[in-house]
Amino acid sequence: MEQQLKKTLVHLHIFKNAGSSLDKILRDSFGDQFMTFDKDNPGAMINCDELDQILNRNENISCLASHQIRMPLPVNFSRMIFPVFFIRHPIERIQSCFHFERDVQKRFPPDMTMEQYARSSLRNPSISAVINLQTATICDNRLMDGKLRTSVTKDVVDSAISALRNNAYSFGLVSHFDLSLKLIKHQLTPHFEQLASSDDDLTGSVHENFSLNTAMNTSEKLAYVKDNLSIPTYVQLLEALQPDLMLYEEAVREFEKRVGNSLVNLSVI
């Protein structure tokens with residue numbers, strides 16, 4: 001008898017990119033077939049071989065979420081992996097990361113300013129939550145010098161953009177959360193019947209780990225960041241964030257293309 005191909009959904013949980021909200025939806029959909037896994041060291045990464053070992057040790061799992069998984073993903077004849085992730089405007093991410101790390105996680109003094117936070121991130125890009133974390137998560141990490149995000153070359157950015165264009169990868173935009181969920185469901189439900197729930201189960205008021213300024217739209221959040229930074233720091237951030245900015249711009253184009261193509265036959269959007 002031919003062995004049935006195992007299918008596993010893997011959520012690349014990018015910090016402050018609506019990942020906790022997506023995890024809640026996936027947990028509700030997959031139940032005991034859903035698992036989160038991160039190493040004890042917050043700065044650790046899970047490479048291709050390690051992910052393969054984790055999945056092999058947990059054969060009952062159909063959906064795995066982690067902050068630490070990095071591309072490429074395992075390829076073998078017994079398992080098919082479907083990655084999903086969210087992309088966010090990198091400047092908008094600054095205010096969310098700042099307020100969450102300072103006000104929720106209490107990692108910084110309560111009087112720390114966004115200017116101080118940004119300067120600290122620029123001095124320590126490899127451990128910063130804001131400097132090109134999105135590119136570093138979905139690029140082919142074999143092209144990077146370890147986890148040093150100072151080594152984000154054109155080849156690294158191109159590999160991340162290739163991931164966006166890969167139709168086997170499902171992704172959404174934080175700025176279009178509900179629409180993204182519908183698109184992700186449309187793409188993944190044929191492979192994971194667990195997602196074939198009502199639309200209300202996948203959209204609406206599912207928001208986890210949200211911090212300050214949730215009522216602002218993207219334009220207002222971008223202005224908020226700019227208003228709270230000095231001109232030199234803002235300019236330096238724009239320069240440092242070029243990989244993530246290029247990635248975001250491509251994500252918007254690809255998202256619009258997917259939604260446009262899906263609108264023809266996707267009545268739920």
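Eight of the nine residues of strand β4 (residues 79–87) are buried, so β4 is largely enclosed by the rest of the structure. Buried here means under 20% relative accessible area, exposed means over 50%, and partly exposed lies in between (1.4 Å probe, protein chains only). The structure is a predicted model, in which local features need pLDDT of at least 70 and side-chain atom pairs count only at pLDDT 80 or more, while totals for chains, interfaces and linings use all residues. Residues are numbered from 1 along each chain as its sequence is written, and side-chain values use heavy atoms, with hydrogens and water left out.

The protein contains eleven helices and five strands. These elements are DSSP runs numbered from the N terminus, with helices (H or I) of at least four residues and strands (E) of at least two. Of the 269 residues of the protein, 51% count as buried. Among contacts with a separation of 6 or more, 72% are between residues 24 or more positions apart, a contact being heavy atoms within 4.5 Å.

Strand β4 has pairing partners in β1 and β5. Two strands are taken to pair if DSSP finds at least two bridges between them. β1 and β4 run parallel and are joined by six bridges; within this pairing, His-11 has Val-84 of β4 as its bridge partner. β4 also runs parallel to strand β5 (residues 170–173), with four bridges between them. In this second pairing, Ile-87 stands opposite Leu-173 in β5. In a regular strand the side chains alternate between the two faces of the sheet.

Seven aromatic pairs were found in a search of the whole structure. Rings of Phe, Tyr and Trp (its six-membered ring) pair if their centres lie within 6.5 Å; planes under 30 degrees apart count as stacked, over 60 as edge-to-face and the rest as tilted. One of the seven pairs is formed by Phe-15 and Phe-100. This pair is edge-to-face, with 5.8 Å centre to centre and 65 degrees between the planes. Phe-15 lies in the loop between β1 (6–12) and α1 (19–30) and Phe-100 in helix α3 (residues 90–104), so the pair ties together parts that are 85 residues apart in sequence. Both Phe-15 and Phe-100 are buried.

A further edge-to-face pair is made by Phe-30 and Phe-192, at 5.9 Å centre to centre and with 70 degrees between the planes. Phe-30 is in helix α1, whereas Phe-192 is in the loop between α7 (177–188) and α8 (199–202), so this pair ties together parts that are 162 residues apart in sequence. Phe-30 and Phe-192 are both buried, and together with Phe-82 they form one aromatic cluster. The ring of Phe-100 also has a charged neighbour, as Lys-16 lies over its face at 4.0 Å from the ring centre. A charge is counted as over a ring if NZ of Lys or CZ of Arg is within 6 Å of the ring centre and within 35 degrees of the ring normal.

The search of the whole structure gave zero disulfides, defined as pairs of cysteine sulfur atoms within 2.5 Å. Cys-63 is buried at 0% relative accessibility, and Cys-97 is likewise buried, with a relative accessible area of 0%.

Several backbone features were also examined. Most residues other than glycine have a negative phi, and most peptide bonds are trans. A cis peptide bond joins Met-71 and Pro-72, with omega about 0 degrees; Pro-72 is placed in the loop between β3 and β4. Lys-106, in the loop between α3 and α4 (114–123), has a positive phi near 60 degrees. Asn-132 also has a positive phi, near 55 degrees, and is located in the loop between α4 and α5 (133–138). Lys-106 counts as exposed at 61% relative accessibility, whereas Asn-132 counts as buried at 2%.

The mean pLDDT of the protein is 88, and 86% of its residues reach 70 or more. Among the elements, strand β3 (residues 63–66) has the highest mean pLDDT (98) and α8 the lowest (47). Over residues 200–205 the pLDDT is below 50, and this stretch has eleven contacts in the model beyond near neighbours in sequence. Residues 263–269 also stay under 50 in pLDDT, with nine contacts beyond four places in sequence.

How values were computed: pLDDT is the predictor's confidence in each residue, from 0 to 100.
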